[in-house]
Amino acid sequence: MGDEGGLASSGALSGAALTRRAALGRLAAIGGVGAACVGGFLSSAGWFTPGTLTPARFTDRFEQVYGRHAGFRRNHAKGVSAAGYFTSNGAGAELSRAAVFASGRTPVTGRFSLSGGMPFVADAAATVRGLGLLFHLPSGEQWRTAMVNIPVFTDRVPEGFHARLLAYAPVPATGRPDPGRVAEFLARFPETGRAMAIIKQTPPTSGFDNSAFHGLNAFLFSNAAGTTVPVRWMMVPRQPVRAASSVSPPARDYLFDELINSVATGPLHWDLLLTVSQPGDPTDDATTPWPANRRVINAGTLTIDSLETEAAGNARDINFDPLILPDGIAPSDDPLLSARSAVYSVSFTRRAGEPKQPSEVNVPEARHVS
């Protein structure tokens with residue numbers, strides 16, 4: 001999940017530890033706290049013990065499955081930088097005092113991507129699509145989020161994600177996962193099978209421009225009066241939704257080519273929908289959807305009006321750490337959140353020290369539509 005390295009060890013941090021971890025995240029100007037610092041903090045918090053999964057070992061698993069590609073993210077390696085703004089209608093302020101929900105416009109840096117650690121892989125409709133966003137708030141605050149186009153996540157705990165990477169890795173002799181290994185995995189993590197069944201009910205759309213992007217994890221929103229409620233969010237496209245074609249892709253980078261052409265024609269728009277939980281809704285399980293009758297607030301509209309080839313100075317060098325949050329938004333007890341943050345940091349640190357290669361996705365020139 002997400003736009004950097006994946007997930008790491010299991011276990012939720014305590015509320016105090018999560019608060020401190022969020023504070024550490026806010027110290028990051030671009031890449032977040034260094035991997036050694038994050039790992040040291042989580043170890044001292046009792047999160048990692050000898051023999052357990054660590055952020056480094058989790059990142060190693062991505063490299064084992066996809067190979068090591070210097071300078072690229074270990075997950076969601078293929079992508080393109082984007083920019084635009086979020087226009088709040090003020091409705092979200094009922095739930096959160098975060099500045100992003102006050103009426104007005106907030107600049108946004110974004111990144112569209114495909115899951116997996118291979119930066120030069122051919123586009124495929126079934127590959128999970130990602131949208132990472134960094135909201136540039138007043139007074140230096142930031143809100144970073146990494147979303148995907150599936151309605152639930154495939155794994156409840158980090159160990160499940162780590163084990164699934166290996167279980168579903170293609171076997172050289174057949175080019176497909178080993179059935180026995182997959183069956184063994186699903187027996188150990190049955191929630192993944194249930195999540196996959198839900199995901200199959202939501203087939204992919206024709207492109208990035210008409211994909212819905214889900215935050216998946218629950219977060220705690222606190223308003224000006226101090227009332228706190230768990231919330232999940234998603235970006236719903238205003239562009240007409242079309243089903244993915246069943247014919248062979250027309251070109252290697254067709255999903256990105258179509259996105260570039262769409263933005264060249266005019267800005268793209270998504271509505272930010274906030275779903276409010278009710279007592280009993282799980283906040284620590286991203287594989288389980290909340291009931292469809294939950295209250296939903298439309299908080300405003302995301303506009304993407306510019307794309308650029310990834311390079312120094314744009315989204316290429318941003319770590320979309322989900323724990324870099326503004327005042328008014330805090331982590332829930334979902335164990336994936338602190339895990340994602342830790343592994344993203346390791347992935348960022350590794351690629352930051354490596355030579356950079358040209359991106360597979362090339363925007364001929366900066367495309368901007370006013």
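Mentor: What follows is a set of questions and answers on a predicted model.

Trainee: How are α4 and α5 oriented to each other?

Mentor: Helix α4 covers residues 158–167 and helix α5 covers residues 179–188. Their axes come within 9 Å and cross at roughly 165 degrees. Angles over 145 degrees count as roughly antiparallel. α4 and α5 are therefore roughly antiparallel.

Trainee: Is the crossing of α4 and α5 left-handed or right-handed?

Mentor: The crossing angle is roughly 165 degrees. As for its hand, the crossing of α4 and α5 is left-handed.

Trainee: Which residues in α5 meet α4?

Mentor: On the α4 side, the contact involves Gly160, Ala163, Arg164, Leu166 and Ala167. By class, the contact of α4 with α5 has five nonpolar, one polar and three charged residues. The residues in α5 that meet α4 are Arg181, Val182, Phe185 and Arg188.

Trainee: How do α5 and α6 lie to each other?

Mentor: The axes of α5 and α6 are 4 Å apart, and the helices pack at an angle of about 100 degrees. Angles from 65 to 115 degrees count as roughly perpendicular. α5 and α6 are therefore roughly perpendicular.

Trainee: Which residues of α6 make the contact with α5?

Mentor: From α5, the contact takes Phe185, Leu186, Ala187 and Arg188. The residues of the contact of α5 with α6 divide into four nonpolar, two polar and one charged. The α6 residues are Pro190, Thr192 and Gly193.

Trainee: What is the volume of the largest pocket, and which residues are the closest to its centre?

Mentor: The volume of the largest pocket is about 1400 Å³. There are 44 residues in its lining. The closest to the centre are Ser115, Ala126, Thr127, Val128 and Arg164.

Trainee: Which elements each supply at least two residues of the lining of the largest pocket?

Mentor: The lining of the largest pocket divides into 29 nonpolar, 13 polar and two charged residues. The elements that each supply at least two residues of this lining are α3 (55–66), α4, α6 (190–200) and β7 (228–237).

Trainee: Where does the largest share of the lining of the second largest pocket come from?

Mentor: The second largest pocket has a volume of about 320 Å³. Of its 17 lining residues, the closest to the centre are Pro151, His214, Arg232, Met234 and Thr275. By class, this lining has 12 nonpolar, three polar and two charged residues. The largest share, three residues, comes from β7.

Trainee: How many charged residues are in the lining of the largest cavity?

Mentor: The largest cavity has a volume of about 40 Å³. Its lining consists of Phe62, Glu63, Tyr66, Gly67, Arg68, His69, Phe72, Arg73, Arg74 and Gly117. Arg, Glu, Asp and Lys count as charged. Besides three nonpolar and three polar residues, the lining of the largest cavity has charged residues numbering four.

Trainee: Which strand gives the largest share of the lining of the second largest cavity?

Mentor: The second largest cavity holds about 40 Å³ of space. Its lining includes Arg144, Thr145, Ala146, Trp233 and Arg340. By class, this lining has four nonpolar, three polar and two charged residues. The largest share, three residues, comes from strand β4 (residues 142–148).

Key: Residues are numbered from 1 along each chain as its sequence is written. This is a predicted model: local features need pLDDT of at least 70, side-chain atom pairs count only at pLDDT 80 or more; totals for chains, interfaces and linings use all residues. Side-chain values use heavy atoms; hydrogens and water are left out. Axes are lines fitted to C-alpha atoms, for helices over the stretch in contact, and angles run from 0 to 180 degrees between N-to-C directions. Angles under 35 degrees count as roughly parallel, over 145 as roughly antiparallel, 65 to 115 as roughly perpendicular and the rest as oblique. A crossing is left-handed if the near helix is turned anticlockwise from the far one by less than a right angle, and right-handed if clockwise. Contact means heavy atoms within 4.5 Å. On a 1 Å grid over the protein atoms alone, a cavity is a set of points where a 1.4 Å probe fits but cannot get out, and a pocket is an open set with protein on both sides within 12 Å along at least five of seven lines; lining residues have an atom within 4 Å of a point. Grid points are joined across faces, edges and corners, and a volume is the space filled by probe spheres set on the points.
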